[in-house]
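I opened my notebook to look up a few things in this structure. I wrote them down in the order in which I checked them.

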Amino acid sequence: MKIFSVIAIIVTPSYAFFTSPNKVRAELKTKILTLADETNRGLTASPEQKEEMQTLFAELEKLNPTKGPLKSPKVNGDWSLDYTTSDSILGKGGFPRVGPIVQNINTENLTAENSEVVSYFGIKVPRSINAELSPENNQFTNVKFKRFNLGPIGFDAPDSFRGSLDITYLDDEVRLTRGDKGNIFVLTRM
Ligand SMILES: *[C@@H]1O[C@H](CO)[C@@H](O)[C@H](O)[C@H]1NC(C)=O
């Protein structure tokens with residue numbers, strides 16, 4: 001009996017220790033994407049749900065499998081925004097977004113584009129913002145917005161329209177990013 005207790009003590013913690021990071025990642029991603037869906041990208045998130053997302057987000061960041069995400073080809077292409085804390089991006093209290101909110105990243109040409117379709121009193125109008133990226137390192141880039149497009153109309157962004165992207169987690173499916181003003185972003189590859 002004694003020997004079995006000793007074995008149990010030795011085996012239990014080491015089992016937890018050896019749980020594969022892939023499995024933990026997959027579990028965290030499922031929880032994050034489920035919560036993102038339940039809260040309409042964060043639009044209807046309660047304070048408790050917001051707090052839970054912050055916790056899950058930070059846990060997944062610790063398991064980032066891609067060092068130097070801005071150097072990885074995986075970062076390029078179209079990403080769909082699944083969750084954010086940014087009310088302005090969600091259009092909280094304003095005109096509803098129809099379909100995905102898309103962010104394209106192109107590190108070859110150091111450009112980014114956010115695009116979406118907004119319903120103005122039932123009329124669907126595509127909107128986009130083009131930006132220039134100035135990376136500070138392989139994970140953090142400054143963003144300078146260049147041009148807005150609203151349906152057929154285009155206009156230059158004021159010089160003060162700047163932001164940043166800190167890519168804290170990247171794999172084949174999911175990207176976690178911290179923006180300026182403390183906002184977090186969960187995106188999935190399209
Ligand atoms: C970058 O820009 C050049 C010139 O406009 C273009 O030919 C090239 O396809 C672009 N690269 C990517 C990855 O979009």
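**Ligand.** I started with Glu108, which has a polar side-chain atom 3.3 Å from a nitrogen atom of the ligand. That is a polar contact, meaning a pair of N or O atoms within 3.5 Å. I then found a polar side-chain atom of Asn106 2.8 Å from an oxygen atom of the ligand. For Asn109, an N or O atom of the side chain is 2.3 Å from a ligand oxygen. Taken alone, the ligand exposes 360 Å², and the protein buries 31% of that. Such areas come from the Shrake-Rupley method with a 1.4 Å probe. I listed the residues around the ligand as Asn106, Glu108 and Asn109; the cut-off is a heavy atom within 4 Å.

**Ground rules.** I noted that this is a predicted model, where local features need pLDDT of at least 70, side-chain atom pairs need pLDDT 80 or more, and totals for chains, interfaces and linings use all residues. Residues are numbered from 1 along each chain as its sequence is written, and side-chain values use heavy atoms, leaving out hydrogens and water.

**Whole chain.** I found four helices and nine strands in the protein chain. These are DSSP runs: helices are H or I with at least four residues, strands are E with at least two. Of the 190 residues, 36% count as buried. Buried means under 20% relative accessible area, exposed means over 50%, and partly exposed lies in between.

**Helix H3.** I checked its length next. H3 has 15 residues, and at 1.5 Å a residue it should span 21 Å; its end C-alpha atoms are 21 Å apart, which agrees. The expected span is 1.5 Å times one less than the number of residues. The buried residues of H3 are Met53, Leu56, Phe57, Leu60 and Glu61. Seen down the axis, they fall within an arc of 135°, so they line one face of the helix. The arc uses directions from the helix axis to the C-beta atoms. On the face turned away I found the exposed residues Pro47, Glu48 and Glu51. The cover over the buried residues of H3 includes H2, S1, S7, S8 and S9. Contact here means heavy atoms within 4.5 Å.

**Positive phi.** Most residues other than glycine have a negative phi. Arg41 is not a glycine, yet its phi is about 65°. I located Arg41 in the loop between H2 and H3. Lys181 has a positive phi of about 60°. Lys181 lies in the loop between S8 and S9. Is Lys181 buried or exposed? Its relative accessibility is 76%, so Lys181 counts as exposed.

Technical notes. Polar contact = N/O pair within 3.5 Å; in protein donor to acceptor, adjacent residues only side chain to side chain. Buried < 20%, exposed > 50% of the residue type's maximum accessible area, 1.4 Å probe, protein only.
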